[in-house]
Amino acid sequence: MVFYPSFTAMKPMTEILLSFSSRTLPILDTAISLDRYVPIDLSTTNDALDHFAVTDPDDCQAYIDRVLRTGNGQVAFGGYLERRNIYADKVGFKDSGASPRNIHLGVDFWAPAGTEVLVPLAGRVHSFQNNTTIGDYGPTIVLEHELEGIRFCSLYGHLSVASLDELYIGKEFGQNQVLATLGTSDINVHYAPHLHFQLILDMEGKKGDYPGVCTHEMLDFYCKNCPDPNFLLKL
C-alpha cells in the first residue's frame, strides 16, 4: 500500500526537501547553464503584460522571448502560487458561482519544444496519460519518490507525445536521467512550450493528472499538499 503523509508532515517534508541537496538541481538539458535561467513574472500584477494577450500562445511566447533577451537567458522560470490571467479563456477554469482557478501550484520552465526534461530526484513512474482538453497538461508523467520514509510525487506536464512511449508503471528513473522532451503548443493544448513541474504529497487517488491551478478558496489545502518545488531545486 502506498503511504502519503498527512498535512502534519508538511513541516518535516519541507525540511527534507531543503536538506536533500545544497546545490541547484537541473531539471532541463544539462547543456543549458544554470546561470541562463532567468525569472519571469506572469502574474496579474505585472503591468508589462497589459501589452500582451497572454492567453494566446504566440503572444505569450513573444513576452517570454523579451524576458529572455533582457536577461540573456535560455530558460524563463517561476510561477509558484502566482495568480495569473493566462487561463482566463479556457473552459473549466471558471465554475458558475465560484472564483476562477487562477493560482498556479507548480513552477513553470519556459523553453523551446524538444528541450530535454531531466529527473531532479530518482523515482519510479506512478502514472501517465495525455490530458488533451484545451488548457490542460497535454502529455503528463507522474513520478513517485521516497525521502526519509515519506513518499510523494512529482508531476511533469506539457510534454511531447513521444515522451509517453515505452513508459510503464514502476519504471525507474535515476537522478539527472532524461525523462521526456517538451511539447509544441498544439500538443501541450494551447500554451507556449514549457514544463510544468509540481510536487504533490497526496495524489488523492488521481493518476496521470492532478490540479495545477486552484481557486482562492482552495489555496490553503493545495499549498499544503503541493509544496514549493524550489525547496528541492534551489534555483
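This note goes through the sheet, the cores, the aromatic pairs and the salt bridges of a predicted model.

1. Sheet layout. The sheet is open and consists of eight strands, in the order E1-E2-E4-E11-E8-E7-E6-E9, with mixed pairing. Its edges are strand E1 (37–39) and strand E9 (172–173), each of which pairs on one side only. Helix H2 (residues 57–71) packs on the sheet, where it touches E1, E2 and E4. The direction of H2 makes about 110° with that of E1.

2. Strand E11 and its neighbours. E8 and E11 run antiparallel and are joined by five bridges. Within this pairing, Tyr 156 has Phe 197 of E11 as its bridge partner, and Ser 154 stands opposite Leu 199 of E11. The pairing of E4 with E11 is also in the antiparallel sense, over four bridges. Here Phe 109 has Leu 195 of E11 as its bridge partner.

3. Burial of E11. Seven of the seven residues of E11 are buried. Both faces of the strand are covered. One side carries His 194, His 196, Gln 198 and Ile 200, and the other carries Leu 195, Phe 197 and Leu 199.

4. Largest nonpolar core. This core has 36 residues, and the members that touch the most other members are Ile 27, Leu 28, Phe 109, Tyr 156, Leu 195 and Phe 197. Elements that give two or more residues to the core include helix H1 (10–20), strand E2 (75–78), strand E4 (107–110), strand E7 (138–147) and strand E8 (150–157). Strand E10 (178–181), strand E11 (194–200) and helix H4 (230–233) are also among these elements. Apart from this core lies another, of 19 residues, among them Ile 40, Leu 49, Val 67 and Ala 76.

5. Contacts of Phe 197. Which residues does Phe 197 touch, not counting those up to four places away in sequence? Its contacts include Ile 27, Gly 106, Val 107, Phe 109 and Pro 120. Ser 154, Leu 155 and Tyr 156 are also among the residues touched by Phe 197, as are Pro 229, Leu 232 and Leu 233. One of these contacts, Tyr 156, is the bridge partner of Phe 197.

6. Aromatic pairs. The count comes to eight aromatic pairs. In one of them, the ring centres of Tyr 37 and Phe 109 are 6.3 Å apart and the planes are at 75°, so the pair is edge-to-face. Tyr 37 is in strand E1 and Phe 109 in strand E4, 72 residues apart, and the pair links these distant parts of the chain. Tyr 37 and Phe 109 are both buried.

7. The second pair at Phe 109. Phe 77 and Phe 109 form a stacked pair, with 6.2 Å from centre to centre and 15° between the planes. Phe 77 lies in strand E2 and Phe 109 in strand E4, so this pair ties together parts that are 32 residues apart in sequence. Phe 77 is buried, as is Phe 109. Through ring pairs, Tyr 37, Phe 77 and Phe 109 are linked into a cluster.

8. Buried salt bridge. Five salt bridges are found in a search of the whole structure. One of them joins Glu 82 and Arg 84, whose closest N and O atoms are 2.9 Å apart. Are these two residues buried or exposed? Glu 82 is buried, because its relative accessible area is 12%, under the 20% cut-off. Arg 84 has a relative accessibility of 3% and therefore counts as buried.

9. Partly exposed salt bridges. Glu 146 and Arg 151 meet through their side chains in a salt bridge with an N to O distance of 3.2 Å. Glu 146 has a relative accessible area of 47% and is partly exposed; Arg 151 is partly exposed at 28%. Asp 220 and Lys 224 also form a salt bridge, at 3.2 Å from N to O. These two residues are four residues apart in helix H3 (residues 219–225), so about one helical turn separates them. Asp 220 is partly exposed, with a relative accessible area of 48%, and Lys 224 counts as partly exposed at 33%.

Note on methods: Residues numbered from 1 in each chain as written. Predicted model: local features only at pLDDT ≥ 70, side-chain atom pairs only at ≥ 80, totals over all residues. Heavy atoms only, no water. Core = buried A, V, L, I, M, F, W, Y, C linked by side-chain atoms within 4.5 Å. Buried < 20%, exposed > 50% of the residue type's maximum accessible area, 1.4 Å probe, protein only. Contact = heavy atoms within 4.5 Å. Pairing = 2+ DSSP bridges. Axes fitted to C-alpha atoms, helices over the stretch in contact; angles between N-to-C directions. Phe/Tyr/Trp six-rings, centres within 6.5 Å; stacked < 30°, edge-to-face > 60°. Salt bridge = Lys/Arg side-chain N within 4 Å of Asp/Glu carboxyl O.
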